[in-house]
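Please keep the sequence and the three-dimensional view at hand while reading.

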Amino acid sequence: PYNREEYLDLIALTQLVNVRLREEVREKIGAVYGVGLRSSHVRLPNEHYLGKITFSCEPSRVDEILLKIDEVLTSLMQKPVNQSYIDAIKKIRHSKHDDAIKTNQFWLNILSKKRFYNDDYHEIESYKAWIDTITPKRLQKAANNYFKSATKITTILNPKEPSNDRH
């Protein structure tokens, strides 16, 4: 069943994964221009979550990149990250929230979701307090929760071979 704290942990974990993938795949091995995780949590009709890591690269480097992505995800499950990552996530989450609450779109989304799911409207007030509870151990637990038993599907789209036919 839906657990708000686990959902919020997924948001923070997604942000952490994106930072680590950028560092390890883009900056260290220089194999991609961009790499990232997009995650979503669906409550109805059947509760599930979806995580999708996408990147583009030279076809010859796909296996190397997939291996590095697996290493990053495994490391997040095996040991807590340095506190500096958590501090950066907290700072960004606070800033994004402060900006978002100034927009009508934020309130429209929040209020419609709260009504649709019959959630407590007062949860809105506790979001900033939740941000301050993020710890390295908490995100390690979330990584194990979401990545350890996940069904994994890998799809690779290769470029079409150029055709010599000019018709």
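## Basis of the model

The model is predicted, and local features are given where pLDDT is at least 70, side-chain atom pairs count only at pLDDT 80 or more, and totals for chains, interfaces and linings use all residues. Residues are numbered from 1 along each chain as its sequence is written, and side-chain values use heavy atoms, with hydrogens and water left out.

## Overall architecture

The protein chain contains 6 helices and 2 strands. Helices (H or I, at least four residues) and strands (E, at least two) are DSSP runs, numbered from the N terminus. Read from the N terminus on, the order of the elements is α-β-β-α-α-α-α-α.

Along the principal axes, the C-alpha atoms of the protein chain fill a box of roughly 65 × 45 × 30 Å. The chain has 167 residues, of which 31% count as buried. Here buried means under 20% relative accessible area, exposed means over 50%, and partly exposed lies in between (1.4 Å probe, protein chains only). Of the contacts with a separation of 6 or more, 66% are made by residues 24 or more positions apart; contact means heavy atoms within 4.5 Å.

## The strand pair

Strand E1 (residues 35-42) pairs with strand E2 (residues 48-55) in the antiparallel sense, over 8 bridges. Two strands are said to pair if DSSP finds at least two bridges between them. E1 and E2 form a hairpin, with 5 residues between them. Within this pairing, Ser40 has Leu50 of E2 as its bridge partner, and Ser39 stands opposite Gly51 in E2.

The loop between E1 and E2 holds Pro45. The peptide bond that joins Leu44 and Pro45 is cis, with omega about 0°.

Lys52 belongs to strand E2. With a relative accessibility of 48%, Lys52 counts as partly exposed. Apart from neighbours within four places in sequence, Lys52 is in contact with Gly36, Leu37 and Arg38. Lys52 and Asp70 are 18 residues apart along the chain, and their C-alpha atoms are separated by 13 Å.

## Packing of the helices

Two packed helices are described by the angle between their axes and the distance between the axes. Axes are lines fitted to C-alpha atoms, for helices over the stretch in contact, and angles run from 0 to 180 degrees between N-to-C directions. Angles under 35 degrees count as roughly parallel, over 145 as roughly antiparallel, 65 to 115 as roughly perpendicular, and the rest as oblique.

Helix H2 (residues 62-78) packs with helix H6 (residues 136-147) at an angle of about 125°, their axes being 7 Å apart. H2 and H6 are therefore oblique to each other. The contact is made by Leu73, Leu76, Met77 and Gln78 of H2, together with Gln140, Ala143, Asn144 and Phe147 of H6. These residues divide into 5 nonpolar, 3 polar and no charged. In this division, Ala, Val, Leu, Ile, Met, Phe, Trp, Tyr, Cys and Pro count as nonpolar, Asp, Glu, Lys and Arg as charged, and the others, Gly among them, as polar.

The axes of H1 and H6 cross at roughly 95° and come within 9 Å. H1 and H6 are therefore roughly perpendicular to each other. On the H1 side, the residues of this contact include Leu10, Leu13, Leu16 and Val17, and on the H6 side they include Arg138, Leu139, Tyr146 and Phe147. The contact of H1 with H6 divides into 11 nonpolar, 1 polar and 4 charged residues.

## Selected residues

Thr14 is buried, with a relative accessible area of 10%. Not counting residues up to four places away in sequence, Thr14 touches Leu37 and Ser39. Glu24 is also found in helix H1, and at 9% relative accessibility Glu24 counts as buried. Leaving aside neighbours within four places in sequence, Glu24 is in contact with Ile29, Lys68 and Val72.

Asn118 is found in the loop between helix H4 (104-117) and helix H5 (127-131). Although Asn118 is not a glycine, its phi is positive, at about 60°. Asn118 is exposed, with a relative accessible area of 70%.
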